[in-house]
Amino acid sequence: MDHRQAGVPMRVELLTIGDELLIGDVVNGNAAWLGRRLADHGVDVTRGVVVGDELDVIVAAVESALRRADVVITTGGLGPTYDDLTREALAKAAGAALVRDPALERRLRERVAAAGRTLEPMALRMADVPEGARVLPNSEGSAPGLRIELGGGVVYALPGVPHEMRTLVDATVLPELEERAGLPAVARRTLRTAGIWESVVATRLAPVERMDGVRLAYLPSPGEVRIRITAAGADPGALLAEAERAARDLLGDCVYGTGDESLDRVVHRLLAERGATVATAESLTGGLIGAELTAMPGSSATYAGGEVVYATELKHRLLGVPAELLERHGAVHPDVAAHMAAGVRDRIGADYGLAVTGVAGPDPQDGRPVGTLHVGVAGPGAEPVVVSPRLPVAAGGPEARGVVRRMTVVQALELLRRTILGLDAEPGTQHARKDPEE
């Protein structure tokens, strides 16, 4: 169907294939990424299905999806082993034979030889293509993607390896879908916020929601909310700019970045612009903040180092937190966070010290509930600042513990960002100390 002439939306379904997805050994991140990526480009997914590595089940799922959808995108099942059955399933659905592609076979042999390995005969299965299918070259791996027309629709079969799948989507699938759908001119921008509730974000942005031609989508994750702004009309770029200005005015300095700009990258950039460094002292996060701050190339220029001080005694011995303070209040206290931040800054010799102490769970600690958190930042020559947000997580096992730890990382990086920029901490949560040793 020519959707540009018919004026009806294109229907797209996702089919992810693999026993490992069904039994929970692997989280279905491909479906999540595809849904988000397609939506960002104006292509709406109407359904997603997961099936195991069984030939007839895959065939039935493809045929069922094509009765509802114009385009089906599959991931997985294109590898070299005998449980990789997507090629066979597409051939069976099309009533076609599998044919060895000489060019693919040659590429496989060259790729294996370049790696100094011996080609296993089984690997040549990746050079088999259903008759009538088009090969989608995979620059990132061995298994190519496939495109085949079936039952009046189109199937794109993509590798299950995430970075290979993403490369093929951006290089081939999205451009073809946009052309096929004849999408109206739209403009999109994603704003990123931290430390503010989704309900608060939505309430503040109510005036933007009422703008003609503007649609907002709220994408929450622990400690953060992304807002995707979509503008459509005669001049979508100008409308998007107007909507973004309005959103930024309403959200203020809670907006820390746009697009794929993560909070750790923003912090890295701010520190690099000032020629400054940060050191971390972590209790409940056990090194997660340091890992976040060193995830990107070049982070050694801004991250000086850190201490993981889980044991209460180490907070005193390594960071100089007064023993009497720890005896009187325990390890989870705003003054402890302040001393930890100043201590790690001074001992490592960084410009900023960033520290966290709290209760990750699953059980309360010293009468303090799960989600109790104190984050401290000690800037260059400045008194430490501590925020003490109560994280909204009840005791409930390892999942709750993981959420608390992830939210703590976000709260810590956000306080560091605000401190670097000279912004105020949230009203009512700030504890300032003129002398961290008093």
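How many residues of strand β13 (residues 278–282) are buried? Please take me through that strand, and then on to the open sheet and the pockets.

Reply: Happy to! Keep in mind that this is a predicted model. Strand β13 is mostly covered, with 5 of its 5 residues buried. Val-278, Thr-280 and Glu-282 point one way from the strand, while Ala-279 and Ala-281 point the other way.

Now for the partners of β13. With strand β14 (residues 303–308) it pairs in the parallel sense, over 5 bridges. Glu-282 has Val-308 as its bridge partner in β14.

Let us move to the open sheet. Its 4 strands follow the order β10-β11-β9-β12, with antiparallel pairing. At the edges sit β10 (214–221) and β12 (255–258), each of which pairs on one side only. From one strand to the next, the twist averages 25°. Strands β9 (residues 186–194) and β12 run antiparallel and are joined by 3 bridges. Arg-192 has Gly-257 in β12 as its bridge partner.

Arg-192 also leads us to the largest pocket, where Arg-36, Arg-192, Arg-226, Gly-259 and Asp-260 are the closest to the centre among the 24 lining residues. This pocket has a volume of about 720 Å³. Elements giving two or more residues to its lining include strands β9, β10 and β11 (224–232), along with helices α3 (29–40), α7 (162–181) and α11 (263–274). By class, the lining has 15 charged, 5 polar and 4 nonpolar residues.

The second largest pocket has a volume of about 490 Å³. Of the 26 residues that line the second largest pocket, Gly-195, Ile-196, Trp-197, Gln-411 and Glu-426 lie nearest its centre. Strands β10 and β11 each supply at least two residues of this lining, as does α16 (398–421). The largest share, 5 residues, comes from α16. In this pocket the lining divides into 14 nonpolar, 7 charged and 5 polar residues.

Key. Residues are numbered from 1 along each chain as its sequence is written. This is a predicted model: local features need pLDDT of at least 70, side-chain atom pairs count only at pLDDT 80 or more; totals for chains, interfaces and linings use all residues. Side-chain values use heavy atoms; hydrogens and water are left out. Two strands pair if DSSP finds at least two bridges between them. Axes are lines fitted to C-alpha atoms, for helices over the stretch in contact, and angles run from 0 to 180 degrees between N-to-C directions. Buried means under 20% relative accessible area, exposed over 50%, partly exposed in between (1.4 Å probe, protein chains only). On a 1 Å grid over the protein atoms alone, a cavity is a set of points where a 1.4 Å probe fits but cannot get out, and a pocket is an open set with protein on both sides within 12 Å along at least five of seven lines; lining residues have an atom within 4 Å of a point. Grid points are joined across faces, edges and corners, and a volume is the space filled by probe spheres set on the points. Ala, Val, Leu, Ile, Met, Phe, Trp, Tyr, Cys and Pro count as nonpolar, Asp, Glu, Lys and Arg as charged, and the others, Gly among them, as polar.
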